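Student: I would like to go through this model term by term. Please set each value against its cut-off.

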Amino acid sequence: MTTATQTSGRSLSWLVPTIYIIFLLLPIYWLVNMSFKTNTEITGAFSLYPHSPTLRNYAVIFTDPSWYKGYINSIIYVVMNTVISVSVALPAAYAFSRYRFLGDKHLFFWLLTNRMAPPAVFALPFFQLYSAFGLIDTHIAVALAHCLFNVPLAVWILEGFMSGVPKEIDETAYIDGYSFPRFFLRIYIPLIASGIGVAAFFNFMFSWVELLIARTLTTTDAKPIAAIMTRTVSASGMDWGVLAAAGVLTIIPGAIVIYFVRNYIAKGFALGRV
Amino acid sequence: MEKTWNNKAWFMVLPVLVLVAFSAVIPLMTVVNYSVQDTFGNNEFFWAGTDWFIQVLQSDRFWDALTRNLIFSGIILAIEIPLGILIALNMPKKGLGVPVCLVLMSLPLLIPWNVVGTIWQVFGRVDIGLLGYTLDAIGVPYNYVNNVFDAWVTLIVMDIWHWTSLVVLLCYAGLVSIPDAYYQAAKIDGASRWAVFRYIQLPKMKRVLLIAFLLRFMDSFMIYTEPFVVTGGGPGNATTFLSIDLVKTAIGQFDLGPAAALSLIYFLIILLLSWIFYTVMTNSDAQS
């Protein structure tokens, strides 16, 4: 009896993930489908696939500076933020994983609270802070603001990876006469390369998906694509095709790297604690 | 791992400390500042004490938004956690199916939050969206713009779509760490499918489930972008969560005092949740 249910359960077990994946892909398919349609086809006849596929929507985005600059702006501040976050987090994560020092646990906890902080709380004070420094509508303002949650994230993820590296490696290197900077750059960083990759990927992702703070701190010159997307209404009504194409293009950076980080996604979201 | 006591490690933490202090402590102090003062404009402020806090805590608006937040978090946790476990249990353990599942399931997690909102806004529309059109065609009245129930269903389904994969991936990570010997032993003992789940898989997933539960609770408690894009907090105030209410007060109406008081109350709740998360993490680290 038991074996019978077990085998039948096993042979049908592919069904559950399959249904789930179809549920996940349907809305995405719909967006991609729309991005290849003309606006008349979208609002006119209902169709499951584009009958007369067009690249016009993508052409609009790649030829209109007010559109493609949004992507460039997003990429600039996201890359700046990733570089800043990972480089300051590396030594800090090493300190947390190897040493005990005054207030270490409180500091580690305080970092976590910033990862969990609601962006809505910080939107207005950020605006005033960066206004005071004259940094509104610059890429560096958004990059620094996103450090609020990305630096703690990087520290936690890297600390998780570093704790997996045995301490004997450090000690052996010191005995062999390595200075700390040389040891850190030559031996340690290659050892935790995958951890750095995961931390960088998650910093990139969380800065890429955040909209509230990025939108509050920018007006025109550094406006992210996600904020530009919200105003596709033109004189002739809503430009659904371009909106869909813009949405598809924001998914692509994640979709490109997803294969390489597939085994680390759970670890990254769980702050390196899985 | 045994750690050595070394206060010089502070120098390594210093850059992080300076950077995060700049982007967290200064803004937070501004909020504290506003929360205890009142202004008639012209940058003239005077002491208001706890007036704003009392005003916020006595307003129906705050309690309504908080209640909506808690109901929303409760519903999505009750659905996402069991669903995530179910899917993780049925995922392939080896072969080509593993990377295919991992990649396709991770996809929604990496989509910008406002695009998630846009996807569902379009998907649910009766005129051009697959979901709305289909429901309309089979005669189910559905309109997330005007109908409170439909708006809630849309937001909940959207959140399930967006975040269940996180629970799945975490549970899956817990499941693949179980050595095969456990299952073989269970087979020899003739354990039922339920017994295997209850006494082998569930205990091994305890830690990842806790992480999933806390992360989902905190992130759903701060939800802003997706409902803002799909419903804008409406119909009426039916989907105005704390974040949306806070941004409306602070940036829409520029009521700095109440907004700051609300921010601090909100932040204290998050602080408490973070503390629970931290305690759980350090305790289970110590156990393993």
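**Terms and values in the two chains**

Tutor: This is a predicted model. Start with the record for chain A: the unreviewed UniProt entry lists residues 12-32, 75-96, 108-127, 139-162, 183-206 and 240-261 as "transmembrane region".

Student: Which spans does the record give for chain B under "transmembrane region"?

Tutor: The unreviewed UniProt entry lists residues 12-36, 70-89, 96-115, 160-183, 208-225 and 256-278 of chain B. Take residues 70-89 of chain B: 100% helix, 0% strand, and 28 Å between the end C-alpha atoms. Residues 256-278 of chain B also come out at 100% helix and 0% strand, with 32 Å from end to end.

Student: What is the secondary structure of the "domain: ABC transmembrane type-1" span in chain B?

Tutor: UniProt, in an unreviewed entry, lists that domain at residues 66-277 of chain B. This span is 75% helix and 0% strand. Its end C-alpha atoms are 21 Å apart. Chain B as a whole has twelve helices and three strands. Its C-alpha atoms fill a box of roughly 80 × 70 × 30 Å along the principal axes.

Student: How do you know how much of chain B is buried?

Tutor: A residue counts as buried under 20% relative accessible area. In chain B, 53% of the 288 residues are buried.

Student: Why is R216(B) called buried?

Tutor: Its relative accessible area is 1%. The cut-off is under 20%, so R216(B) is buried. R216(B) sits in helix α9 (residues 193-221) of chain B. R216(B) and L77(B) are 139 residues apart in sequence, yet 7.1 Å apart in space, C-alpha to C-alpha.

Student: Is V274(A) buried, exposed or partly exposed, and why?

Tutor: Its relative accessibility is 33%. Buried needs under 20% and exposed needs over 50%, so V274(A) counts as partly exposed. V274(A) lies in the segment after α15 (265-269) of chain A.

Student: Where is D137(A), and what stands out in its phi?

Tutor: D137(A) is in the loop between α7 (119-132) and α8 (139-162) of chain A. Its phi is near 65°, a positive value in a residue other than glycine.

Student: Why is D137(A) called buried, though in a loop?

Tutor: The label rests on accessible area. D137(A) has a relative accessible area of 12%. The limit is under 20%, so D137(A) is buried.

Student: Now the helix pairs. What values describe a packed pair in general?

Tutor: Two packed helices are described by the angle between their axes and the distance between the axes.

Student: What makes α3(B) oblique to α7(B)?

Tutor: The axes of helix α3 (residues 60-89) and helix α7 (residues 148-176) of chain B cross at roughly 45° and come within 7 Å. Roughly parallel needs under 35 degrees and roughly perpendicular needs 65 to 115, so α3(B) is oblique to α7(B). The crossing is right-handed. The contact residues divide into 21 nonpolar, two polar and three charged.

Student: Why is α2(A) also called oblique to α14(A)?

Tutor: Helix α2 (residues 15-35) and helix α14 (residues 240-261) of chain A pack at about 125°, with their axes 7 Å apart. Roughly perpendicular ends at 115 and roughly antiparallel needs over 145, so α2(A) is oblique to α14(A). α2(A) passes α14(A) in a left-handed crossing.

Student: Last, which domains does chain A have, and how far apart are their centres?

Tutor: The domain assignment gives domain 1 (2-35) and domain 2 (66-231 + 252-269) of chain A. Their C-alpha centres lie 34 Å apart.

Conventions. Residues numbered from 1 in each chain as written. Chains lettered and ligands numbered in written order. Predicted model: local features only at pLDDT ≥ 70, side-chain atom pairs only at ≥ 80, totals over all residues. Heavy atoms only, no water. UniProt positions renumbered as here; feature names shortened; annotations may be inferred. Axes fitted to C-alpha atoms, helices over the stretch in contact; angles between N-to-C directions. Helix = DSSP H or I, 4+ residues; strand = E, 2+ residues; numbered from the N terminus. Left-handed = near helix turned anticlockwise from the far one by under 90°. Nonpolar A, V, L, I, M, F, W, Y, C, P; charged D, E, K, R; others polar. Domains from an automatic or database assignment. Buried < 20%, exposed > 50% of the residue type's maximum accessible area, 1.4 Å probe, protein only.
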